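Walk me through this structure.

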Amino acid sequence: MSEENLDPSSPSLSENVEAEAPAVMQPAVGEQLRAAREAKGMRSADVAQALKLSTRQVDALEAGDWSGLPGQTFIRGFVRNYARLLRLDPDVLVGQLDPRLMPELPRLDVSSSISAALPRTGGPQRRDFMVVLAGLLLVVLAVLAFFFVPPDFWQSRLAEWSAASARVDAPAAESSAPTDAAPAEPAPPAAPPPAPEAPAPAAAAAPASAASTPAAQPVLQPVSQPSQPLPQPATPPAPVAAPAAQPASPPAATAPAATAPARAGGVQLVFTQPSWVEIRDRSGQIIFSQLNPAGSQRYVEGEPPFALVVGNATHVTVKYKGKPVELSQRSKDDVARLTLE
Amino acid sequence: MFSFLRSYFSNDLAIDLGTANTLIYVRSKGIVLDEPSVVAIRLEGGPNAKKTIQAVGREAKEMLGKAPGTITVIRPMKDGVIADFTVTEQMLKQFIKKVHDSKLLSPSPRIIICVPSGSTQVERRAIRESAIGAGASQVFLIEEPMAAAIGAGLPVAEATGSMVVDIGGGTTEVGVISLGGMVYAGSVRVGGDKLDEAIINYISRNYGMLIGENTAENIKKTIGSAFPGAEVREMEVSGINKAEGIPRKFTISSNEILEALTEPLNNIVSAVKSALEKTPPELGADIADKGMVLTGGGALLRDLDRLLMEETGLPVIVAEEPLTCVARGCGLALEKMDKLGSIFASD
C-alpha cells in the first residue's frame with residue numbers, strides 16, 4: 001500500500017529498493033498523517049483551513065502524490081506543519097519522508113539555451129574597431145620593416161635586376177666598379193689608364209661581350225654590381241679587363257698577367273673578416289669609406305699620398321703599388337692608421 | 001598574478017555578518033564558524049595606555065553586561081549594518097584568522113558578504129570597506145533575502161515566485177524572488193534584538209524589575225511565542241527590583257511575553273503584508289500556492305509561523321536549520337560564484 005503511494009512520484013527511479021526499507025516497516029508518512037487526522041475526527045478541509053493549504057494539497061500530502069506539490073522544500077515544510085497540527089513529532093515524520101525528497105542543491109543559474117550578448121546601441125561600432133586594428137597593423141608592419149629590411153635592400157635588388165637584364169652595361173660598370181665602390185668622382189681622372197677605357201668599351205664591348213666567349217659572361221655578372229660590396233671586384237678585374245680591353249686597348253690586355261699592374265698606383269685591400277676602411281687622398285677628401293664584408297677585395301685609386309684608417313687590421317691585407325704593407329706595427333687596438341706615399 | 005597565487009593559498013569565504021551572529025562558510029568545507037557578533041575591548045591604563053581586544057565572539061558575549069569599567073563589550077553591528085566601523089573590522093579580522101589554517105601567509109580571501117536589502121549605499125560601502133580592511137582581496141555583496149532563499153532550498157532560478165522572510169537579529173527581510181533575481185525586497189529594522197528590548201521594557205514596566213539583554217534573550221527562547229497557544233508555560237527569572245534595588249526572582253508566563261512581543265511582531269506582520277501587496281499578481285499566485293518560508297533566528301520563535309499564517313491566510317513553513325540559512329545560501333553562491341552574476345547585489 002505504501003509502495004503504491006510512493007510510486008506515482010518516481011516509478012522509474014532505481015532507489016526504489018532503498019525507499020522500500022522504511023516503507024515496509026511503517027506506513028508511509030501520508031498514511032500516518034491521515035490516520036492521525038481521522039483519529040482526531042478532523043476532515044481534510046479542517047486541516048486545509050488550519051494550514052492555509054488547499055484541500056487538494058492536503059489530499060496530495062496524504063496520498064503521497066508529490067507531483068502536485070510545489071517542491072521538496074515545501075513538501076517537507078508542509079509535512080512538518082501538518083504533524084505539528086496533529087501533535088505528532090514532526091522530526092520523526094520528516095525523517096521518514098522519501099529520501100528522494102531530500103533537498104538537493106538548488107540550481108542558482110537561470111537556465112537559458114541561448115547565450116548571445118545583445119549588441120550595444122550607441123556605443124562605438126565594430127567597424128571603427130576594425131579600422132583602428134588595421135591602422136595598428138600597418139604601424140607594426142612599418143616598424144618591423146624599418147628594423148629588419150636592410151637599408152640597401154632596394155639598391156641591391158635594382159642592381160641585381162639591372163645586371164640580369166642588361167649585360168650590355170656590364171663592362172662599363174665593371175670598369176668603374178672599383179672607383180664606384182669608393183664613391184670618389186675625382187678618382188677616375190686621377191687614374192688615367194682605366195678611366196678613359198671605361199667609356200670606350202662601354203659602347204664597344206656591348207656587341208663584343210655579347211658575341212664573345214660565354215666564359216666572359218659569368219665573370220661579368222659579379223663584377224657588374226658596383227654598388228654592392230660583393231666579394232670579387234678585385235679578382236675579376238683581370239679577366240674582365242681582358243675581354244673588355246681586347247677590342248679597345250692593348251695595354252689593358254696586359255693587365256691580367258700582372259694582377260693589375262696597370263693600377264699599380266692604387267691601394268689593394270683584401271679582407272678576411274669584416275672591416276671598416278677609410279681612405280683619404282692627397283686633398284684630404286674621403287675617397288673610400290665603407291664597411292667591407294669578409295672575403296671581399298677592394299681596389300682604390302686616387303692621388304697619393306693616401307691616409308688609411310683600417311679597422312680590424314689583423315684581418316686585412318693591404319697592398320700598395322703591388323707590395324704588401326705591414327699593418328700590425330702601425331695598429332693600435334686593432335685599428336691601423338697609416339699614410340702611404 | 002601575485003594576487004592569483006595568494007588567492008590560491010587562501011580559501012574563499014562567505015560571511016553572514018549578522019547583528020546577532022556571524023557565520024563563516026569556507027569554500028568546500030561548509031560552515032566553520034558560528035559566533036555572536038560581540039567584541040570585548042580592554043582599556044589599558046598606565047604608561048602604555050592603549051585599547052586591546054580582550055575577546056571576540058562567544059567569549060565576549062558572556063562578558064556582556066558583566067564587564068568591569070575597563071572592559072567595554074560592544075556589539076558592533078546594529079540593525080543589520082555596521083554601527084562601529086573599526087570594531088567590526090577587527091572582529092572580522094579575528095574571525096577570518098580563526099578559520100584560516102595557514103599561518104605563513106596572511107590570508108587574503110575573496111569574500112561574499114551579505115547585506116540587508118534595505119541598507120543604504122553608505123552602509124554597504126562600510127561593510128565592503130571593513131571586509132577589505134580585514135584582509136579580503138575582493139568583496140562581493142549579496143542581499144540577505146536572496147542568500148536566505150538559496151539556503152532554504154527555494155527554487156530561486158525558476159520562473160516561479162518564492163517568498164522568503166528572514167528574521168535576523170537586527171532586521172527582518174522580506175523578499176520575493178523569481179528567475180534568479182529579487183522582484184521585491186523589503187526590510188524593517190525589527191528583529192531578535194527588538195524582541196528582547198520589548199521583553200525588557202515589558203518587565204520593567206509591569207514588574208518593576210530590570211533584566212539584562214542575555215536574560216531577555218533567554219526568556220524569549222524559552223517561553224516566547226507569537227501566537228496564543230493551548231499551553232501556558234512559565235519561567236523563573238531574576239532581575240533587580242527597581243523600587244528596592246535588590247535582586248529578586250519572579251515568574252513570568254508565556255502569555256505575558258506574547259503580550260510584550262505584540263508590537264514588534266506586528267511590525268513584522270505588516271512588513272510581510274506590504275510585500276504581498278506589492279508582489280506582481282502572477283508571482284502572488286505562486287506564493288498563494290506555496291506560501292512563504294521563514295528563515296533566521298526569529299523563525300525559531302514559537303508559533304511565529306502560525307501568526308503569519310493567520311494574518312496572511314497563506315501557508316507558512318519554517319526552513320530547516322533557519323539559523324544557518326543565510327550562511328549556507330552565501331556559501332552556495334560562493335561555490336558557484338564564478339558562474340553567477342545575477343544573484344549578487346550592486347553597491
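Glu320(B) and Arg76(A) form a salt bridge, with their closest N and O atoms 2.6 Å apart. A salt bridge here is a side-chain nitrogen of Lys or Arg within 4 Å of a carboxyl oxygen of Asp or Glu. By that rule, 6 salt bridges cross the interface of chain A and chain B. The rule for polar contacts also finds 6 residue pairs across this interface, both residues at pLDDT 80 or more. A polar contact is a pair of N or O atoms within 3.5 Å; within protein, one must be able to donate a hydrogen and the other to accept it, and residues adjacent in sequence count only if both atoms are side-chain atoms.

Which elements of chain A give two or more residues to the side that touches chain B? They are helix 4 (44–51), helix 5 (55–63) and helix 6 (72–85) of chain A. Helix 6 of chain A gives the largest share, 8 residues. By class, this side of chain A holds 11 nonpolar, 4 polar and 8 charged residues. Ala, Val, Leu, Ile, Met, Phe, Trp, Tyr, Cys and Pro count as nonpolar, Asp, Glu, Lys and Arg as charged, and the others, Gly among them, as polar.

The model is predicted: local features need pLDDT of at least 70, side-chain atom pairs count only at pLDDT 80 or more, and totals for chains, interfaces and linings use all residues. Residues are numbered from 1 along each chain as its sequence is written, chains are lettered from A and ligands numbered from 1 in the order in which they are written, and side-chain values use heavy atoms, with hydrogens and water left out.

In total, 23 residues of chain A are in contact (heavy atoms within 4.5 Å) with 30 residues of chain B. The area buried between the chains is about 2,200 Å², and carbon and sulfur atoms give 61% of that. Buried area is the accessible area (1.4 Å probe) that two parts lose on being put together, summed over both.

Now the sheets of chain B. Helices (H or I, at least four residues) and strands (E, at least two) are DSSP runs, numbered from the N terminus. Two strands pair if DSSP finds at least two bridges between them.

One open sheet has 6 strands in the order 3-2-1-9-10-19, with mixed pairing. Strand 3 (30–36) and strand 19 (344–345) of chain B are its edges, each pairing on one side only. Strand 1 (residues 13–17) and strand 9 (residues 110–115) of chain B run parallel, joined by 3 bridges. Ile15(B) has Ile113(B) as its bridge partner in strand 9. Helix 4 (residues 121–133) of chain B packs on the sheet and touches strand 9, strand 10 (138–143) and strand 19 of chain B. Its direction makes about 145° with that of strand 10 of chain B. Such angles run from 0 to 180 degrees between N-to-C directions, with axes fitted to C-alpha atoms, for helices over the stretch in contact.

A second open sheet has 3 strands of chain B in the order 5-4-6, with antiparallel pairing. Strand 5 (50–56) and strand 6 (71–74) of chain B each have a single partner strand, so one side of each is left without a neighbour in the sheet. The twist averages 25° from one strand to the next.

Last, a hairpin. Strand 15 (residues 234–241) of chain B and strand 16 (residues 247–253) of chain B run antiparallel, joined by 7 bridges. They form a hairpin with 5 residues between them, and Gly245(B) in the turn has a positive phi of about 75°.
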